[in-house]
Amino acid sequence: RIMITGALGQIGSELTVKLREIYGADQVIATDIRKNETEAALSGPFEMVDVTDARTMLEVAKKYNVDSVIHMAALLSATAEANPVFAWNLNMGGLMNALETARELNAQFFTPSSIGAFGPSTPKDRTPQDTIHRPTTMYGVNKVAGELLSDYYFHKFGVDTRGLRFPGLISYVTPPGGGTTDYAVEIYYEAVKNGKYTSYIDKGTYMDMMYMPDALDAIVQLMEADPSKLKHRNSFNVTAMSFEPEQIAAEIRKHIPHFEITYQVDPIRQAIADSWPNSIDDSAAVEEWGFKANFDLRKMTVDMLDKLKQK
Ligand code: VAH
């Protein structure tokens with residue numbers, strides 16, 4: 001059985017539904033700090049778990065005898081930057097508790113890292129799998145420390161930990177909260193609702209992005225990969241595309257001709273975005289476990305607008 005923390009979050013809410021489709025509803029225990037009425041909360045076992053509460057997390061894991069822990073509960077970059085001490089305690093305390101739970105139950109383990117694990121001194125174009133990590137954000141510090149801690153649990157305790165450095169993720173199911181890349185989600189919602197969008201990220205700011213279906217497939221594919229083929233563990237660069245706001249606006253205009261983008265740059269989130277790569281190199285993921293993204297900007301835009309219009 002699989003236990004997911006942060007199961008009602010941006011990735012967790014769709015991952016929970018997908019894993020239940022693959023492995024069976026009662027095989028996936030969704031946990032989060034609060035419950036809601038979404039499909040992720042209602043389509044199978046749900047438990048209230050605050051990831052900073054180690055005892056409850058372990059109790060729930062033992063109650064369902066889980067053999068896989070997928071730790072998704074965390075604060076994203078912009079929120080973390082506004083509350084750095086809280087972010088450290090939640091992001092690192094939660095991760096430690098989840099790793100300890102996986103160690104006690106000898107369970108497989110997944111948690112996401114991010115392109116946020118790179119900083120201004122990292123090569124910005126085709127950022128390598130193995131390179132300098134000196135992030136200048138609390139979120140980035142959490143992600144680098146998290147990668148090192150997860151590798152430590154693999155080498156020291158033999159916990160089968162695996163991770164992905166996700167780019168910005170774009171989805172129409174659960175609006176994201178507190179990210180820097182979320183302009184690329186908001187723009188689609190605003191295009192459908194109002195035909196225009198004011199971006200807090202400046203034109204010319206390139207960031208790696210990925211459509212949520214590709215992100216979910218990558219998690220399943222990595223977790224089912226042959227461990228003997230993995231030279232890396234925490235965490236693999238993965239990406240589908242890299243674009244700047246003008247490019248996504250132009251793609252939207254192919255479907256909504258009068259769509260307009262204007263700019264009101266948020267210096268805090270712009271500074272975070274400027275510290276991240278323009279594009280990363282995901283050849284290690286391709287070579288070690290056959291990663292392949294299916295959605296590019298054109299295909300994603302068709303699907304996003306179609307699904308949001310239905311919504
Ligand atoms: C964020 N969406 O913006 C997340 C992610 C790479 C970006 O880490 O913080």
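Which side chain has an N or O atom 2.5 Å from an oxygen atom of the ligand? It is the side chain of tyrosine 139. The model is predicted, and local features need pLDDT of at least 70, side-chain atom pairs count only at pLDDT 80 or more, and totals for chains, interfaces and linings use all residues. Residues are numbered from 1 along each chain as its sequence is written, and side-chain values use heavy atoms, with hydrogens and water left out.

Tyrosine 139 is one of the residues around the ligand, among them also Leu76, Ser77, Phe166, Thr180 and Trp276; a residue belongs here if one of its heavy atoms lies within 4 Å of the ligand. The shell comprises six nonpolar, six polar and no charged residues. In this division, Ala, Val, Leu, Ile, Met, Phe, Trp, Tyr, Cys and Pro count as nonpolar, Asp, Glu, Lys and Arg as charged, and the others, Gly among them, as polar.

Serine 77 places a polar side-chain atom 2.6 Å from an oxygen atom of the ligand. Threonine 180 has a polar backbone atom 2.6 Å from a ligand oxygen atom. Of the 270 Å² of accessible area that the ligand has on its own, the protein covers 96% (Shrake-Rupley method, 1.4 Å probe).

Elsewhere, two helices (DSSP runs of H or I, at least four residues, numbered from the N terminus) pack together: α3, residues 54–63, and α5, residues 84–104. Their axes, lines fitted to C-alpha atoms over the stretch in contact, are 10 Å apart at an angle of about 35°, on a scale from 0 to 180 degrees between N-to-C directions. The contact (heavy atoms within 4.5 Å) includes Met57 and Leu58 of α3 and Ala98 and Thr101 of α5.

Technical notes: A polar contact is a pair of N or O atoms within 3.5 Å; within protein, one must be able to donate a hydrogen and the other to accept it, and residues adjacent in sequence count only if both atoms are side-chain atoms.
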